Amino acid sequence: MFCGSYYTAGMKKKMVSFEVEPLLPLSYSGYICGSQFKTDVLRDQLFDRHTYGFIIIDGSCVSFHLVCGDNKTVLFNWDGVPIPNKHGRGGQSQNRYQRLRVQKRDWYVSQVAELAVKHFIDQSTNQVNVEGLILAGCASFKHDLLNKVEYRLAEKVVSIVDVQYGGKAGLNEAILASQSVISELGLTKEKEILSEFFELIALGDEKYSIAADDTMYALTCGVLEKLIVSKDLDYMRYEVLSMQNETETLYLDPESRIPDGYTVVKASPLMDWLLENYHKYGTELHIVGGCSTQGSQFEKGFGGLCGILRYRIDLPSESIMLDDDDWEW
């Protein structure tokens, strides 16, 4: 809930209140006063959409978790696992006790592998529902689980870490231990999509768009296969009315001004509009940062907004270049 006040053009004080439902449950609550609304938490949810699965397993309990940003969800918890403990009894029964313990342990790991399929594979699509899977625990349980888990889940395992505890305490420890791997995985995906884009340019393949006007034209035409957007995109989207009462859409950076003769009907950040509407055009959205070399080059050299086309079309910038050539001739 956002509540505040501002002064209108006539210097009259007006009270406003906004109720916003976050995409994910908030990890904390607070009462914050200031000169402007603090929306960092909500904006972070727009960019951090990758969900990772965690399996915390040891000899006494096992739990499944989903982690997306700061949001943590417990999918399954099994306490009091019936595995016999090691003991100091000897004699003729020693081998029998050891054999029973090994059998119980093998059964336990097999049960966990079956439960993992139920919770981490979407039954309607038969696809893994997480970006990556992290196995954590003590002793060799996590390695035994990797050997028994279904092949689709095994391919998604990105890290195996040692933790001292089970349950939520073990989850927090596993998140810290695998943070570098998760970050590297995000950078790898970013490098893959940008390398594909740069390769199209290097090969002279014209199935790409650069800058806001061409990319948004391709998006609205339905020919944009992959939309690549910088996390810090600062373009604005304006719906304007011309002097001929014709509705047009302009995409301008902060340094550009609306041409004379246009009346602004609606204005909104282009990033917000893309996040709300990109799926209507059947395109994939890839949000990249400037942490990697490719990401920095993309932001500085290409304006932070480009796309990969399904097939080649004539873009607005090409028609402008043709008109200029005709004039020079």
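Strand β3 (residues 52-57) and strand β8 (residues 132-137) pair in the parallel sense over six bridges. Two strands are taken to pair if DSSP finds at least two bridges between them. Strands (E, at least two residues) and helices (H or I, at least four) are DSSP runs, numbered from the N terminus. The model is predicted, so local features need pLDDT of at least 70 and side-chain atom pairs count only at pLDDT 80 or more, while totals for chains, interfaces and linings use all residues. Residues are numbered from 1 along each chain as its sequence is written, and side-chain values use heavy atoms, with hydrogens and water left out.

Contact here means heavy atoms within 4.5 Å.

The interior was examined next. A nonpolar core is a set of buried Ala, Val, Leu, Ile, Met, Phe, Trp, Tyr and Cys residues joined through side-chain atoms within 4.5 Å. Buried means under 20% relative accessible area, exposed means over 50%, and partly exposed lies in between (1.4 Å probe, protein chains only). The largest nonpolar core has 24 residues. Those with the most contacts inside this core are Ile55, Val62, Phe64, Tyr108, Val112, Phe120 and Leu153. The elements that give two or more residues to the core are β3, β4, α2, β8 and α3. Helix α2 gives the most, with seven residues. Leaving aside its neighbours within four places in sequence, Tyr108 is in contact with Ile57, Asp58, Cys61, Val62, Trp78, Val81, Ile83 and Phe141.

A second, separate core has 21 residues, including Ala212, Leu219, Met271 and Tyr278. Ala212 and Leu219 are also among the buried residues of helix α7 (residues 211-221). An α-helix has 3.6 residues a turn, so residues three or four places apart point the same way. Just after α7, Gly222 takes a positive phi of about 80°.

Helix α2 (residues 94-120) also holds Val102. Val102 is partly exposed because its relative accessible area is 45%. Val102 and Ile83 are 19 residues apart in sequence, and 8.8 Å apart in space, C-alpha to C-alpha.

Charged pairs were then counted. Side chains of opposite charge can pair when their charged atoms come close. A salt bridge is a side-chain nitrogen of Lys or Arg within 4 Å of a carboxyl oxygen of Asp or Glu. By this rule the count comes to eight salt bridges. One of them joins the side chains of Arg105 and Asp144 (3.5 Å, N to O). This pair links distant parts of the chain, with Arg105 in helix α2 and Asp144 in helix α3 (residues 141-148), 39 residues apart. Arg105 counts as buried because its relative accessibility is 18%. Asp144, at 27%, counts as partly exposed.

Another salt bridge joins Arg312 and Glu206 (2.3 Å, N to O). These residues are 106 residues apart. Arg312 lies in the loop between β16 (305-309) and α10 (316-328), and Glu206 in the loop between α6 (179-203) and β10 (208-210). Both are partly exposed: Arg312 at 37% relative accessibility and Glu206 at 42%. Arg312 also meets Asp314 in a salt bridge (3.0 Å, N to O). Asp314 is exposed, with a relative accessible area of 57%. Shared partners join Glu206, Arg312 and Asp314 into one network of salt bridges.

The search of the whole structure finds zero. Cys3 counts as exposed, at 53% relative accessibility. Cys33 is exposed too, with a relative accessible area of 64%.

Technical notes. Disulfide = S-S within 2.5 Å.
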